[in-house]
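User: I would like to go through the terms used for this model. Please set each value against its cut-off.

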Amino acid sequence: MENVSKLEQERRLYKPKLPVSLRPGILQATVTKGKATQSVNDQDQIAKLFPHTYGQSELGFEVGTKKSTARALRVGVVLSGGQAPGGHNVISGIFDGINELGLESELIGFLGGPGGLEKGKYKKLDSVIINEYRNTGGFDIIGSGRTKLETNEQFDLCITHIQALSLDAIVIIGGDDSNTNAAILAEYLASKGEKCLVIGVPKTIDGDLKSKSIPTSFGFDTACKVYSELVGNIARDAVSAKKYWHFIKLMGRSASHIALEVGLQTHPNLTLISEEVAHRGQSLKNIVDEICDIITARADASKNYGIVLVPEGLIEFIPSFKTLIGELNDVLAHHEKEVNAKENVSDKIALLKNWLKESSFQVLNSIPESIQTQLLWDRDPHGNVQVSRIDTEMLLIQMVEAELKNRKSGNHYSGSFSWQRHFFGYEGRCAAPSNFDADYCYSLGYSAVTLILHGLNGYMASITNLSQGPDAWKAGGIPITMLMNMEQRHGSQKPVIQKALVELDGPVFHTLSANREQFAKEDSFSYPGPIQYFGPSSVSDQVTFTLAIEGT
C-alpha cells in the first residue's frame with residue numbers, strides 16, 4: 001500500500017511563489033546596501049565578540065538588467081532545533097537556487113542537526129529526494145537536532161568536514177538559539193581565514209524570532225492555523241455540551257505570540273498573555289481571581305462553560321516564579337549532581353534551601369509536589385527549565401477549583417465547575433505547510449542562495465512586506481549580529497539573539513484587548529476550520545491576524 005496520501009500527492013505539484021526580485025532568476029538579482037547595523041543592545045560587547053561580522057549593512061534584492069556570472073556551488077544545510085512547517089521548502093528553494101547556477105552544484109544535508117556537521121554525517125540531496133519532500137511538513141528529509149556548537153574543538157571538527165567536502169557555504173535553518181550558533185560559527189570561520197560562508201534562516205513556530213526585517217519566522221502561520229482549528233472545534237463542543245470549562249495550553253515558551261494569534265482567530269473567553277502578566281506584576285492568585293471572575297459572571301448568566309487559553313511559558317512570567325526559576329537555573333548549573341543525588345523531592349527541596357533566597361524558597365515550598373518535581377527536571381540544552389513539561393494548566397485548574405469552592409461557601413458563586421485540560425504543541429510542528437509558509441520558505445531558500453552568490457557571511461535571509469502577498473514581497477538579508485544582545489546562560493553572560501516578546505503597546509495586542517470584555521461575557525467563538533490549500537485566494541492564501549494587523 002502506498003504511504004503517500006492524496007493530499008500529499010497534490011501538494012508535491014504545488015509551485016511556490018517567489019518575490020518579483022527573484023523570479024527572473026538568482027543570477028539576475030542585484031544587491032542594494034542599506035545603512036550599517038548594530039546590535040539591539042550591548043553594542044560594545046557584541047562588536048568585540050564579532051569583529052569580522054559585526055556592523056555589516058542590511059541588504060535588499062532588486063531585479064538586475066543583466067545576468068551575473070557564477071560558478072557551481074557546494075552548499076551544506078542544517079536543520080536545527082524543533083520542527084516547524086515549511087523546512088522542506090527552504091531546502092527545496094536552496095536546491096533549485098543553486099541549480100540555476102550550474103549543473104555541477106551540490107546540496108549536502110547534514111544529518112540530525114548541528115551534530116551532523118560536527119561529526120561529518122551527511123547525505124547528498126538530489127532531485128529524486130527533493131521532489132519527494134516538496135511542500136511537506138516535518139524535518140525528516142535530514143532530521144534535526146539540538147547540539148549546541150560552542151567550543152573551539154567543536155568548531156575545528158566542523159572545519160575539518162567543511163574542508164573535506166569543499167563547501168562554499170552552510171545554511172543553518174533554526175530559531176534564535178540556532179541562528180546565534182550560526183553567527184558564532186560564521187565569526188569563527190572568518191577568524192580562521194576560511195572562505196566557507198554561514199547563512200541563517202528564521203525558523204520557529206513560537207514567533208519569537210522577529211524584528212522589523214524579520215516580520216515573522218516560518219512555521220508560525222501553519223502552526224497557529226492548526227491550533228486555531230483545534231481550539232475552534234473545542235469551542236464548538238463547549239457551546240454544544242454547555243458543561244465544561246476547557247483550559248488549553250498552547251506552545252510558546254518565551255513569548256505569547258501563538259496564544260495571541262489563536263485568541264484573535266477563535267475568540268476564547270480569556271486569553272492569558274504572559275508578557276501582560278509580567279508587566280502588571282500579577283501573582284498566581286491574581287491570575288486565578290481573574291479566571292474565577294469570568295467563570296462567576298458567566299455562571300450568573302447560566303453559562304457554566306468556556307475556553308481559557310494558557311501560554312506554555314506563563315509560569316516563567318509570574319514575577320515570583322520568574323525569580324525562582326532564574327535562581328534554580330543558576331543553582332542547577334553548578335549543583336545539579338548534588339541535587340539529583342537526593343532520591344525524593346522533599347530532600348531535594350531541603351537541600352536547595354542552602355542556595356535559594358528565602359523568598360524564592362518559600363514560593364517553591366508553597367506549590368504542589370508534582371509542580372516542584374517538574375521544575376527540577378533536567379534542563380534543556382541551553383540551561384533553561386523545560387516549561388512544556390510543567391502542568392501550568394493543571395495548576396490553574398486546581399487553584400480555580402479551590403477559589404470557586406470558597407466563593408460558593410460565601411454565596412458569591414452559584415454555578416457548577418467541570419473542566420477539561422488540553423496541551424496543543426506537537427500537533428502543529430510538522431503539519432503540511434500552509435500556502436503562505438510554502439511560499440515564504442521557498443523564498444527564504446532562494447534568498448539564502450542569493451546571499452551566498454554575493455559572498456556574504458553571517459547573514460540571515462529576510463523577506464519583508466509579507467502581509468501584501470508574494471507580488472509585493474521584498475527579499476534581502478540582514479546581519480545576524482543586529483538581532484543580538486548579552487544574556488545570562490548557564491550562569492554566565494553569553495551573546496544571543498534577543499527574543500521578540502508580545503508588544504503590549506502594539507496594535508495586535510490592542511486588538512485582543514479591545515474585544516476582551518465581549519469575548520468573556522458572550523459566546524463569540526469563531527471556528528476557523530482546517531487549513532485550506534486550494535480554492536479562493538482570500539481563503540487559501542490568507543495571512544495571520546498578526547501580520548495583517550501589523551501590516552508588515
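Analyst: N485 is buried, at a relative accessible area of 7%. Some ground rules come with that. This is a predicted model: local features need pLDDT of at least 70, side-chain atom pairs count only at pLDDT 80 or more, and totals for chains, interfaces and linings use all residues. Residues are numbered from 1 along each chain as its sequence is written, and side-chain values use heavy atoms, with hydrogens and water left out.

User: Why is N485 called buried?

Analyst: Buried means under 20% relative accessible area, with exposed over 50% and partly exposed in between (1.4 Å probe, protein chains only). N485 has 7%, so N485 is buried. N485 sits in strand β14, residues 484-489. Strands are DSSP runs of E, at least two residues; helices are runs of H or I, at least four, and both are numbered from the N terminus.

User: What makes a polar contact between the side chains of N485 and Q498?

Analyst: The distance is 3.2 Å. A polar contact is a pair of N or O atoms within 3.5 Å; within protein, one must be able to donate a hydrogen and the other to accept it, and residues adjacent in sequence count only if both atoms are side-chain atoms. Beyond four places in sequence, N485 is in contact (heavy atoms within 4.5 Å) with residues including V40, D42, I46 and Q498.

User: Why is T204 counted as buried?

Analyst: T204 has 11% relative accessibility, so T204 counts as buried. T204 lies in the loop between β7 (197-202) and α8. A polar atom of the T204 side chain is 3.1 Å from the backbone nitrogen of D206.

User: And W245: buried or exposed?

Analyst: W245 is buried, with a relative accessible area of 1%. W245 belongs to strand β8. The C-alpha atoms of W245 and I295 are separated by 8.6 Å, although the two are 50 residues apart along the chain.

User: Why are α8 and α9 called oblique?

Analyst: Their axes come within 9 Å and cross at roughly 50 degrees. Axes are lines fitted to C-alpha atoms, for helices over the stretch in contact; angles run from 0 to 180 degrees between N-to-C directions. Under 35 degrees is roughly parallel, over 145 roughly antiparallel, 65 to 115 roughly perpendicular, and the rest oblique. α8 and α9 are therefore oblique to each other. Among the α8 residues that meet α9 are F220, Y227 and V231.

User: What angle do α13 and α14 make, and what is it called?

Analyst: α13 (residues 319-340) and α14 (residues 345-352) pack at about 125 degrees, with their axes 11 Å apart. That makes α13 oblique to α14. L328, V331, E338, V339 and N340 in α13 meet K348, L351 and L352 in α14.

User: How do you know that the span of α19 agrees with expectation?

Analyst: The expected span is 1.5 Å times one less than the number of residues. α19 (residues 435-453) has 19 residues and should span 27 Å; its end C-alpha atoms are 27 Å apart, so the two agree.

User: Why is α19 described as largely enclosed?

Analyst: 19 of its 19 residues are buried, so α19 is largely enclosed by the rest of the structure. Just after α19, G455 takes a positive phi of about 70 degrees.

User: What is the reach of α17?

Analyst: α17 (residues 392-409) has 18 residues and reaches 26 Å, close to the 26 Å expected. Its buried residues include M394, L395, V400 and L404. The buried residues of α17 pack against elements including β8, α11 and β10. N411 follows α17, with a positive phi near 60 degrees.
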